[in-house]
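Here is a colleague's note to read beside the model. The points run from the overall fold to single residues.

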Amino acid sequence: MTTLSLTRPRVLARTGLYTVLGANVALVTVLFADAGPSADPLISIGRLLGMYGALLMAFQLVLIARLSWLDRRLGMDRLTSLHRWTGFSVLWLLLGHMVFIVFGYATLSDTGPVDEFVTLATTVDGIFQAIVAFALIMFVGAASARFARRKLAYETWHFIHLYTYLAVVLGFSHQIFEGSSFVGNAFARAYWWTLWGGALAAVLLGRVILPLWRNFRHQLRVSAVVPESDQVVSVYVTGRNLDQLPAKAGQFFIWRFLTKGRWWAANPFSLSAAPDGKSLRLTVKALGDGSASLRHIKPGTRVFAEGPYGAFTTMHQTKQNALLIAGGVGITPIRALLEEIHGHVVVFYRVNKHDDAVLLQELDHLARSRGAVLHLLAGPVNAVDAHGNQLLSPKNVAGLAPDVWDRDVFVCGPPPMTNAVLSSLRELGVPREQIHAERFSLAS
């Protein structure tokens, strides 16, 4: 197997996504030109910005649809990042659309922009809907800013993002009433209806139909809850026809345990064992109220799981051998990967102290059974080895895995540790396509 053939899923997905977007940008530009110039150049610029903004809003829906084909190849973290930046682009495009349109009409009517804004909002069909849509997008954008996102619970943030769908509906209704490329051109109308219909269908399929179908089909229930330490618990989930659930080692689900007081709480947890067609296992550290309460879940509890998600899988392995690097509870997808990954494997497990090493005994047994090499790197954040090197420094990484340049490297752990490892790998010159690190964050 060559590197080219093995990296092809991610490369093709990314290239295909950008190619489709580029082709639609070109088509929208043609539709704009075909509609002809407006009475004022400012209005023409505003129209074009509005059309690009509408296109990116539809593109955003595809990004948050959680389509399995894209997610397995790009990963939810990359799709989330692209969704975030696309959202800010939509915000600026629609702001420009509104400003240029208002100033353009103000020039024609020889009035001030504020008076013209009020006149358009109160006398022209579809303008009020556009203003409400823009206000909703501003609200959602503010909630997505990093400082706000850190202060919001996931459920609150998710509820706020539901307003995006209302903004889409209002924005489309504005386009129907006022879109120049929509009003007088049958082909343009067919294009926009197809674009919006396809984007909304993708969301309906990925976010509603597929999760409901899978949970109806597999009937997931908790079969056992096993404490691994004072702060860590493993939850075993069984169901029907699990051999037909397309889950891979390294992936995660968004779990809801359907008990009183918990059914609304959705948490992303990785599989801590490779799926065997009979059960699924997640291992969780008590970092918050949601994860801490899992210790008290009763066997037999119904489970609603969305997924599997993530590109942190052997699909993207490009070399015969691998280096797996885990930090803290990030060991869970790494431990699952150790069961499934190809070739000779070296494992680094970074913890603050030996007692923090979750699943160490079974990890050691699994490593021995498949001829892997396991290194437990224990010590405080700035701990060094006998030679004065930090435990995950470039020199130490190369010392423990001398052929690191000829291995795929899978990294999972807290952001500071992940960033430090990625920095070491870059300094060592490990090719980018051999480095796999997925941050398990959620799109709206």
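**Notes on the predicted model**

1. The protein has 16 helices and 11 strands. Both are DSSP runs numbered from the N terminus: helices are H or I with at least four residues, strands are E with at least two. This is a predicted model, in which local features need pLDDT of at least 70 and side-chain atom pairs count only at pLDDT 80 or more, while totals for chains, interfaces and linings use all residues. Residues are numbered from 1 along each chain as its sequence is written, and side-chain values use heavy atoms, with hydrogens and water left out.

2. Buried residues make up 50% of the 444 residues. Buried means under 20% relative accessible area, exposed over 50%, and partly exposed in between (1.4 Å probe, protein chains only). Among contacts with a separation of 6 or more, 70% join residues 24 or more positions apart. Contact here means heavy atoms within 4.5 Å.

3. Start with helix α2 (residues 41–63) and helix α4 (residues 76–109). They pack at an angle of about 155°, with their axes 7 Å apart. Therefore α2 is roughly antiparallel to α4. Axes are lines fitted to C-alpha atoms, for helices over the stretch in contact, and angles run from 0 to 180 degrees between N-to-C directions. Angles under 35 degrees count as roughly parallel, over 145 as roughly antiparallel, 65 to 115 as roughly perpendicular and the rest as oblique.

4. α2 passes α4 in a left-handed crossing. That term applies if the near helix is turned anticlockwise from the far one by less than a right angle; clockwise is right-handed. The contact of α2 with α4 has 19 nonpolar, 12 polar and one charged residues. Ala, Val, Leu, Ile, Met, Phe, Trp, Tyr, Cys and Pro count as nonpolar, Asp, Glu, Lys and Arg as charged, and the others, Gly among them, as polar.

5. Now α2 against α11. The angle is about 25°, and the axes lie 7 Å apart. So α2 is roughly parallel to α11. This crossing is left-handed. On the α2 side, the contact includes Met51, Met57 and Leu61; on the α11 side, it includes Tyr191, Trp192 and Trp196. Its residues divide into 14 nonpolar, no polar and no charged.

6. Which residues touch the most other members of the largest nonpolar core? They are Val28, Met57, Leu61, Ile137, Tyr191, Trp192 and Trp196, in a core of 43 residues. Such a core is a set of buried Ala, Val, Leu, Ile, Met, Phe, Trp, Tyr and Cys residues joined through side-chain atoms within 4.5 Å. The helices that each supply at least two residues include α1 (3–35), α6 (127–144) and α9 (163–178). The largest share, 12 residues, comes from α2.

7. Tyr191 is in contact with Asn24, Leu27, Val28, Leu31 and Leu55, leaving aside neighbours within four places in sequence. A second, separate core of 27 residues includes Val232, Phe312, Tyr349 and Cys412.

8. Gly104 sits in helix α4. It counts as buried because its relative accessibility is 0%. Beyond residues up to four places away in sequence, Gly104 touches Asp40, Leu42 and Ile43. The C-alpha atoms of Gly104 and Ile45 are separated by 9.2 Å, yet these residues are 59 residues apart along the chain.

9. Is Thr314, a loop residue, buried or exposed? Thr314 lies between β6 (303–309) and β7 (321–327). At 10% relative accessibility, Thr314 counts as buried. Leaving aside neighbours within four places in sequence, its contacts are Lys248, Leu337, Glu340, Ile341 and His342.
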